[in-house]
Amino acid sequence: MSTAFEVTGAERSGAWVVSCDHATNIVPAAVNGGDLGLAPKDMERHIAYDVGALGVALALGEALDGPVVSSRFSRLVIDPNRGEDDPTLLMRLYDGSIIPANRHAGPEETARRLDACYRPYHGALAELMSARPEPVLVSVHSFTRQLAGRPPRPWQIGILSAADRRLSEALIAALSAPDFADWVEEVSGAPLAIGDNQPYSGHLPGDAVDRHALRQGHLNTLIEIRNDLIATPAQQAAWGARLAPMLRRALHDVGEARDPLG
């Protein structure tokens with residue numbers, strides 16, 4: 001097994017490819033002895049990884065008959081969802097927490113982490129996408145309900161997209177249907193609020209979707225789920241089970257790609 005990524009369901013033959021860029025909070029031993037200098041409670045926060053996203057991604061991959069590629073390093077080691085020249089590729093301060101091991105990391109250390117973690121992960125994702133004639137990329141993330149000093153975020157789920165909004169727009173429409181909306185209100189205690197390019201913009205040049213889908217013209221979407229709603233394995237499985245048919249419905253409605261479970 002690679003130290004930089006893990007592929008689950010490599011043998012699956014569907015068109016879907018599910019990615020989880022911020023799957024874990026692992027700090028490889030080769031990076032500052034496996035310790036970024038943060039308190040354990042900070043390493044359990046959203047700043048270190050996307051809480052709950054991996055479980056949802058795995059459930060989606062199984063339901064959609066598609067492989068799942070997930071990172072095996074913390075986003076604070078190096079962020080695979082940034083371009084190599086992005087100034088936030090290696091974060092020194094995030095949501096009020098200073099990352100000690102990154103404060104003085106220069107170009108040489110950044111290059112070392114690119115080679116050890118970032119590039120192998122992207123190589124694995126590129127291989128999965130190229131193995132399919134019409135791949136569909138679904139990138140799974142999670143977000144915290146409230147950043148330090150900011151108002152609470154009202155959305156339970158966000159759908160992110162850049163210039164190619166075909167699948168994302170169809171997915172937003174599918175998620176707006178009463179069956180999904182009623183379920184979300186039941187599990188969250190509030191009416192469904194879908195963020196369209198919220199809580200983040202989907203336009204981030206050089207990010208994973210840009211590199212592996214947008215530039216090649218492949219259908220794609222990025223899903224952000226509020227992390228308090230997917231904190232447990234049962235919640236993660238439930239969201240995966242609910243989202244899979246919505247994704248299939250959206251792909252069918254786009255009408256430009258083969259639905260692998262059609």
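**Entry 1: R45 and D42**

I looked up R45 and D42. Their side chains meet in a salt bridge, 3.1 Å from N to O. I keep in mind that this is a predicted model. I then checked the accessibility of each partner. R45 has a relative accessible area of 24% and is partly exposed. D42 has 13% and is buried, because buried means under 20%. In general, side chains of opposite charge can pair when their charged atoms come close.

**Entry 2: salt bridges around D79**

I asked for the salt-bridge count and got 17. From these I followed D79. The side chain of D79 meets that of R75 in a salt bridge, at 3.9 Å from N to O. D79 also forms a salt bridge with R82, where the closest N and O atoms are 3.7 Å apart.

Are D79 and R75 buried or exposed? I find both D79 and R75 buried. D79 counts as buried because its relative accessibility is 2%. I looked up R82 as well: its relative accessible area is 17%, so R82 is buried too.

Which residues make up the network here? I traced salt bridges linking D50, R75, D79 and R82.

**Entry 3: the largest pocket**

I turned to the largest pocket. I noted about 480 Å³ of space in it. The lining has 29 residues. Those nearest the pocket centre are R75, R82, Y94, Y200 and E224.

I sorted the lining residues by type. Ten are nonpolar, eleven are polar and eight are charged. I also checked which strands take part. β6 (136-143) supplies at least two lining residues, and β9 (219-226) likewise supplies at least two.

**Entry 4: L204**

Next I looked up L204. I place L204 in the loop between β8 (194-196) and α6 (208-212). L204 counts as partly exposed because its relative accessibility is 25%.

What does L204 touch, leaving aside its neighbours within four places in sequence? I find contacts with N81, R82, D86 and D210.

How values were computed: Residues numbered from 1 in each chain as written. Predicted model: local features only at pLDDT ≥ 70, side-chain atom pairs only at ≥ 80, totals over all residues. Heavy atoms only, no water. 1 Å grid on protein atoms, 1.4 Å probe; cavity = no way out; pocket = protein on both sides within 12 Å on 5 of 7 lines; lining within 4 Å. Points joined across faces, edges and corners; volume = space filled by probe spheres on them. Helix = DSSP H or I, 4+ residues; strand = E, 2+ residues; numbered from the N terminus. Nonpolar A, V, L, I, M, F, W, Y, C, P; charged D, E, K, R; others polar. Buried < 20%, exposed > 50% of the residue type's maximum accessible area, 1.4 Å probe, protein only. Contact = heavy atoms within 4.5 Å. Salt bridge = Lys/Arg side-chain N within 4 Å of Asp/Glu carboxyl O.
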